[in-house]
Amino acid sequence: MTTDAPSTLVMAGTGKTGRRLVQTLRSTGQHVRAASRSGEVRFDWSRRETWRPALAEASAVYLLAPEDPALAADFVTQAVDSGVGRFVALSGRGIDRVGDFSPGMVAAEEAVQESGVEWTIIRPNNFSQNFSEDLFRQPLLDGRLALPMGATPEPFVDAQDVADVAATLLTSPGHHEQVYDLSGPRALTFAAAVATVARVTGRSIRYVELTPEQYHAELLAEGYPAETATALNALFAGMRAGHLAEPTDGVRRVLGRDALDFDSYAAQAAAAGAWS
């Protein structure tokens, strides 16, 4: 079914920020096309024939970068040719300093900046939901989270705050050519974050500090490709250097309110059964 109303294409519409963004936009009456490889609107970076149908009637795009950096500029060009006049690109905080982690994100930033239409880039810290929805959840359930992070703190950001920021940027004027770093209001170490989860769940969970070499070896043992293990180590090296450690005011600048604190996130996630 098609409509003549302009719409927003939300890429990775079933993902951590994408599904929240879809819900947020739809709750305000916006017409949204939620795109993914198996969702309501089919989109696959590796299948170019899915690009143009996904872009049908879209006037704005929430852009999640491809793994292959060579695809970003082609997609953005096709989107503009299809009538897209605004991009909000999800990147990562510190990507300008830790570019080896995701060349696709770097390419997507460059593509929207050169698009000739309105663009905004958001660069969040690590999501709080990494502890409850994927990445760190199973290790926490197993009672051990082991990372090469040291004592450098991280102001984890709630995925709903990122979605709320993106919704505002996609639907409101005044944010063209802006880059917003998004974080939570308080930085805490991974050890402290694990202790918080242990407290709210009543579980026995420990944080273990690894060397980069130990972390690389554990990732390979868990079945991760070597290039992924190398990229993750590059990310943690940037984090240990403190590039992401200071809280930012990006959420407040866009939304006019404070970002959700990690303790509040953990209490809400535990109450919802995230670690049951």
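The dialogue below goes through one predicted model, from the whole chain to single residues.

Trainee: What should I know before I read any values?

Mentor: This is a predicted model, in which local features need pLDDT of at least 70 and side-chain atom pairs count only at pLDDT 80 or more, while totals for chains, interfaces and linings use all residues. Residues are numbered from 1 along each chain as its sequence is written, and side-chain values use heavy atoms, with hydrogens and water left out.

Trainee: How many helices and strands does the chain have?

Mentor: Helices (H or I, at least four residues) and strands (E, at least two) are DSSP runs, numbered from the N terminus. Here the chain has 11 helices and nine strands. Its radius of gyration, taken over C-alpha atoms, is compared with the globule rule, which is 2.2 Å times the number of residues to the power 0.38. The value is 19 Å, close to the 19 Å that the rule gives for 276 residues, so the chain is as compact as a globular protein of that length.

Trainee: What percentage of the residues count as buried?

Mentor: Buried means under 20% relative accessible area, exposed over 50%, and partly exposed in between, with a 1.4 Å probe and protein chains only. By that cut-off, 50% of the 276 residues are buried.

Trainee: Which residues have the most contacts inside the largest nonpolar core?

Mentor: In soluble globular proteins, nonpolar side chains tend to be buried together. A nonpolar core is a set of buried Ala, Val, Leu, Ile, Met, Phe, Trp, Tyr and Cys residues joined through side-chain atoms within 4.5 Å. The largest one here has 32 residues, and those with the most contacts inside it are Phe131, Leu140, Leu145, Leu147, Phe190, Phe262 and Trp275. Apart from this core lies another, of 27 residues, among them Val41, Ala72, Ala111 and Trp119.

Trainee: Where is threonine 8 placed, and which residues is it in contact with, leaving aside its neighbours within four places in sequence?

Mentor: Contact means heavy atoms within 4.5 Å. Threonine 8 is in strand S1 (residues 7-11), and it is buried, with a relative accessible area of 5%. Leaving aside those neighbours, its contacts are Leu25, His31, Val32, Arg33, Ala60 and Leu170.

Trainee: What do the buried residues of H1 pack against?

Mentor: In helix H1 (residues 18-27), the buried residues include Gly18, Leu21 and Leu25. The buried residues of H1 pack against S1, strand S2 (32-36), strand S4 (58-64) and helix H6 (159-171). After H1 comes glycine 29, whose phi is positive, near 90°.
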